[in-house]
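The exercises below ask you to read a protein model step by step, from its overall dimensions down to single residues. Please keep the sequence and the structure in view while you work through them.

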Amino acid sequence: MRALVAAGLAAAFAAQAAGALLPHLPLLLAATVLSLAAEGVLYRWQRGMLALFAKSHADVGVRHVLRDLLLVVGLLRLGAQDRETLYAPLVAGLLVFYGLHCAVQAVSVLVRRTRTLPVVTRNIDASALRLSPAPHVLLRRPGDRLLVFGLPATAGLSVTAAVDAPRYGALGLALSLALALAGLVALLLRLLPGRRPAGEQEVLEWFDAWLAAYRPTVGLYFSGGPSSAYQANMWLEPLARLEERPVIILRERFMVQKIAATDVPIVCLPKVSTLMRLEHSTLQVLIHPSNSGKTSQVLRIPTLKHTFVNHGESDKLSSCNPYAKAYDEVWVAGPAARERYALADVGVEDKDVVEIGRPQLDAVRPYAGPPAGPYTTVLYAPTWEGWDGNPGNTSVIAAGENLVRALLADPAVRLLYKPHPLTGSVDPRAGAADLRIRELIRAANRERSGPRPADDGELARRTAELDRLTAAGFRSGADPVERMLAQSAPEPGRAGAVARATAAWEEAYWASLPEWEHQVVTDARPALYACFDRADLLISDVSSVISDFLASGKPYAVANTSGLSQDAFREAFPTVAAATVLTPDAAGVPRLLEAVRDPAKDELAAARAELKLRLLGPAEPSSQERFGAAVRELCAAARTRRARTAQPPAAELPGQRQAAGAAGPVAAQQPGKAP
C-alpha cells in the first residue's frame with residue numbers, strides 16, 4: 001500500500017509537469033486532482049509515510065508549492081502571449097499566501113513555547129496558571145494547515161486553467177488568504193499577556209506553593225518509554241492505599257497520559273533544575289519501580305531516601321541488576337529475592353534488603369480446587385524475547401506453536417493466550433510466531449461450536465460506566481496545558497468508584513464470552529491478574545508472571561527453551577522448583593492436564609506452598625501492611641538524616657591566629673630562631 005501511494009503521488013506530479021509544459025489542459029487537471037487525492041490517502045491512511053517524505057526533503061510544503069507552481073506554469077503557457085500580465089496578480093497572491101503561511105508557522109512556534117510549561121500536572125487544580133484550550137490542530141501542524149488552507153487556491157487555479165477565467169483563481173486565492181490571515185490573528189491574540197499561560201518563574205513559584213500546601217511524604221518516581229508505563233501502573237494501587245501523602249513524579253511529558261486511572265497527584269518535571277526543587281519539599285522517600293538513565297539525576301537529592309521495588313521478580317539477571325546498589329534500600333517480595341542478591345554479588349548489602357511481599361497480589365483469588373465445569377481454563381502467558389538474544393527468554397519462538405497445538409488438541413481445554421506487549425519488538429521471529437499462534441486459535445474457534453450468552457447489554461453498560469470514570473476528558477487535539485485544565489483535582493471517592501466499576505466490568509466481560517471459546521487477550525482490560533482468577537493452570541516462561549501466579553497456589557508449568565537439561569534448568573531457576581517443566585515439543589501437556597484435573601495426581605502442591613512462602617513471604621501480615629511499614633520506617637530514616645544534617649557542627653572550626661599573645665610562642669618553636 002505504501003509503495004502504491006508513493007508511486008501514485010510521483011506519477012501524478014510527473015503527469016502534472018507534462019501537462020504544464022506541453023501544455024495539455026486535460027492532463028494537467030487530471031494530474032492535479034490525482035495528486036490531491038493521493039495527499040488525502042496519505043494523511044488519512046498512511047501517516048507513517050509523512051516522515052519518510054520529510055527525510056527525502058519532499059514534505060507537504062514542498063509538494064504543495066510544486067503543485068501550485070505547475071498550475072501557474074500551465075496557466076502561463078496556455079493561450080495567448082499576454083497571459084503573463086493577466087495572471088500576474090494571481091502569482092502575486094500565491095506568493096502572499098505562502099508568506100502568510102510562514103508567518104503563521106512562526107507565531108505558532110511562539111505560542112507553543114508559551115504553552116510549554118516547566119511542570120505538567122494531573123489530578124491537581126492548576127487553574128491559577130491561566131490554563132486554556134489549545135489552538136486548533138490546523139494552526140499547530142504546518143503540513144495539515146498548508147494542505148487545508150491552500151486547497152481553495154489550488155482548486156481555483158485548476159478551474160481557471162479549465163475555463164480560462166482568472167476570477168475563479170482570484171476567488172480561491174482570496175479564500176486561502178482569508179483562512180491564513182484568520183489563523184494568524186487567532187494565534188497572535190494568544191500572545192497577549194492576559195491570554196497566555198503563566199510564565200516559567202510563575203509556574204515554578206506555584207509548584208513550590210503546591211508542594212508546601214500538599215506536603216507529600218512519599219513518591220513514585222518513574223522515567224521510561226511509551227511501552228514501559230505498565231511498570232509504574234502496577235504500583236499505583238499499593239501507593240494510593242498508603243497512609244502517607246503520595247505523589248507520582250514523572251520525567252517525560254507523554255508519560256502523564258500513560259499512567260492509568262488514579263487519584264494520586266501526578267507531576268512531570270522534565271528539567272533537572274525543576275526536579276531539584278524537591279530537595280526543599282516535605283518529600284522524604286521515592287519509590288523506584290524501574291531503572292532508567294534519568295534515575296541518577298534524582299539520586300543526587302540528599303534529603304530523600306530511595307528504594308527500588310522493581311516491576312516484578314524472576315530468576316533473570318535483570319531482577320538483580322548492579323544498579324540496585326545505588327538505592328538506600330531494595331524492597332523484595334520474599335527470602336528468595338534476598339538470596340538472589342546475595343548470590344549475584346552485585347554490591348547490594350543484606351542489611352539494605354527489605355521483604356515486603358507483593359501488595360498487588362493481595363486480591364488474587366486462592367486455589368479453590370480442580371476445574372468444576374466441563375472445561376479446564378489454561379492461561380498461556382509467555383514473556384518477550386528480551387535484549388540479549390537468549391533463546392530461553394521466551395517460549396514463543398521455539399515452543400509456542402507446539403504448546404498451543406497440544407492444548408487445542410484437548411477438547412476439554414479453553415485457552416487464554418496473553419502475549420507480552422513487547423513480543424516481537426526485538427526479534428521479528430517472535431512477532432511472526434505470535435501471529436501464527438493467534439491464527440491457530442482463530443482456526444480452533446471456527447471448528448468449535450456451542451451456546452453463546454445472550455447479549456443483554458450488561459457489558460456495554462459496564463464498559464460505558466468504566467470509560468466515563470477513567471476517560472481522559474479532553475479532545476484528541478489537546479496539548480499538555482489543555483489536559484492539565486481538564487484533568488484537575490478528582491472528585492472525592494473516584495478511586496473507589498473506579499475499583500468497583502472495574503470489578504463489575506470484569507464479571508460482565510467473562511460472562512459475555514462462551515465458556516468453550518478460546519480467547520486472545522491483548523487489550524489493557526482484562527488485566528493479567530483477572531486472567532489469573534479465571535485460569536486453572538498457567539503456562540509461562542521464567543519471568544515475574546510465574547512468581548505472581550504462585551499467590552494463587554494453582555498449578556503452573558514453565559517451558560524450557562534454554563537448551564539446559566531439566567535438572568540444570570531447575571537448579572538455575574529456583575522459581576521453577578514447583579513447576580512442571582515442558583520441553584519445546586510440548587510432549588508433557590497431556591499428563592500436565594491430568595494432574596490439574598485430578599488433585600490426587602498433583603505431586604507438586606506441597607512444593608508450590610513452600611515456594612510461595614520463599615518467593616512472596618508469609619500471608620500475614622499482608623503485603624500491603626508490610627509495604628506500608630517499610631515506607632514508614634524509611635520515612636523515619638529520612639527525617640532523622642535531615643535533622644542530623646540540619647544541626648550546626650558540635651564545635652566551631654578554628655579561626656585565625658591572634659596577632660598578640662600567640663605570635664611569641666609560635667615564633668619560638670620555629671627552626672632557626674633563637675629562644
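**Exercise 1. Surface and overall form**

Solution. The model is a predicted one, in which local features need pLDDT of at least 70 and side-chain atom pairs count only at pLDDT 80 or more, while totals for chains, interfaces and linings use all residues. Residues are numbered from 1 along each chain as its sequence is written, and side-chain values use heavy atoms, with hydrogens and water left out.

Step one is the area itself: the protein exposes about 32,100 Å², and carbon and sulfur atoms supply 59% of it, where accessible areas come from the Shrake-Rupley method with a 1.4 Å probe and, for residues, only the protein chains shown count as cover.

Step two is burial: 47% of the 675 residues count as buried (buried means under 20% relative accessible area, exposed over 50%, and partly exposed in between, with a 1.4 Å probe and protein chains only).

Step three is the overall form. The radius of gyration of the protein is 33 Å, whereas a compact globule of 675 residues would have one near 26 Å; this radius is taken over C-alpha atoms, and the globule rule is 2.2 Å times the number of residues to the power 0.38. The C-alpha trace spans about 105 × 95 × 55 Å along the principal axes of the protein.

Step four is the fold content: the protein has 26 helices and 14 strands, which are DSSP runs numbered from the N terminus (helices are H or I with at least four residues, strands are E with at least two). Of the contacts with a separation of 6 or more, 72% come from residues 24 or more positions apart, contact meaning heavy atoms within 4.5 Å.

**Exercise 2. A pair of helices**

Describe how H15 and H16 pack, and list the residues that meet.

Solution. Two packed helices are described by the angle between their axes and the distance between the axes. Helix H15 (residues 396–408) packs with helix H16 (residues 428–447) at an angle of about 10°, and their axes are 9 Å apart; the axes are lines fitted to C-alpha atoms, for helices over the stretch in contact, and angles run from 0 to 180 degrees between N-to-C directions. H15 is therefore roughly parallel to H16 (angles under 35 degrees count as roughly parallel, over 145 as roughly antiparallel, 65 to 115 as roughly perpendicular and the rest as oblique).

From H15, the residues Val396, Ile397, Gly400, Glu401, Val404, Arg405 and Leu408 take part, and they meet residues of H16 that include Ala433, Ile437, Leu440 and Ala444. By class, this contact has 10 nonpolar, 1 polar and 5 charged residues, with Ala, Val, Leu, Ile, Met, Phe, Trp, Tyr, Cys and Pro counted as nonpolar, Asp, Glu, Lys and Arg as charged, and the others, Gly among them, as polar.

**Exercise 3. Backbone exceptions**

Solution. Most residues other than glycine have a negative phi, and most peptide bonds are trans.

Aspartate 345 lies in the loop between helix H14 (335–344) and strand E8 (353–355), and is exposed, with a relative accessible area of 68%.
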